[in-house]
Amino acid sequence: LCPLPPEIVQRELARLGLPPRYLLCLGTIEPRKNVLRLLKLYVSLPASIRDQWPLLLVGGGGWNAEEAARYLHDEAKPRGVLHL
């Protein structure tokens, strides 16, 4: 495998509505993966860092994910977390 050409990457990022750079968390949202802790730590970062490096959370809810989902909606999304 090799990296995609930059023009393809830019086109796909635009299609998905994603910024050119971001932090990525990929996986099911459930307590054993500490996603809630990641979200809280990310939200605690200075706004200048969050503005430059949005957190992209990719994955669906797993077992017992209600607390993380609530925090994601109420606190994390307004502070730069994107969820696909």
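## Helix packing and charges over rings

Read from the N terminus onward, the elements of the protein follow the order α-β-α-α-β-α-β, which amounts to four helices and three strands. The model is a predicted one, and its C-alpha trace spans about 40 × 30 × 20 Å along the principal axes.

Two packed helices are described by the angle between their axes and the distance between the axes. For helix α2, residues 35-44, and helix α4, residues 66-76, the axes come within 9 Å and cross at roughly 15°. Angles under 35 degrees count as roughly parallel, and α2 and α4 are therefore roughly parallel to each other. The crossing in which α2 passes α4 is left-handed. On the α2 side the contact is made by Leu36, Leu39, Lys40 and Val43, while α4 contributes Glu67, Ala68, Tyr71, Leu72, Glu75 and Ala76. Sorted by class, this contact of α2 with α4 comprises seven nonpolar and three charged residues, with no polar residue.

Arginine 21, in turn, lies over the face of tryptophan 53. The distances to the ring centres are set out below.

| Charged residue | Ring | Distance to ring centre |
|---|---|---|
| Arginine 21 | Tryptophan 53 | 4.4 Å |

As for pairs between aromatic rings, a search of the whole structure finds zero.

Methods. Residues are numbered from 1 along each chain as its sequence is written. This is a predicted model: local features need pLDDT of at least 70, side-chain atom pairs count only at pLDDT 80 or more; totals for chains, interfaces and linings use all residues. Side-chain values use heavy atoms; hydrogens and water are left out. Axes are lines fitted to C-alpha atoms, for helices over the stretch in contact, and angles run from 0 to 180 degrees between N-to-C directions. Helices (H or I, at least four residues) and strands (E, at least two) are DSSP runs, numbered from the N terminus. Angles under 35 degrees count as roughly parallel, over 145 as roughly antiparallel, 65 to 115 as roughly perpendicular and the rest as oblique. A crossing is left-handed if the near helix is turned anticlockwise from the far one by less than a right angle, and right-handed if clockwise. Contact means heavy atoms within 4.5 Å. Ala, Val, Leu, Ile, Met, Phe, Trp, Tyr, Cys and Pro count as nonpolar, Asp, Glu, Lys and Arg as charged, and the others, Gly among them, as polar. Rings of Phe, Tyr and Trp (its six-membered ring) pair if their centres lie within 6.5 Å; planes under 30 degrees apart count as stacked, over 60 as edge-to-face and the rest as tilted. A charge sits over a ring if NZ of Lys or CZ of Arg is within 6 Å of the ring centre and within 35 degrees of the ring normal.
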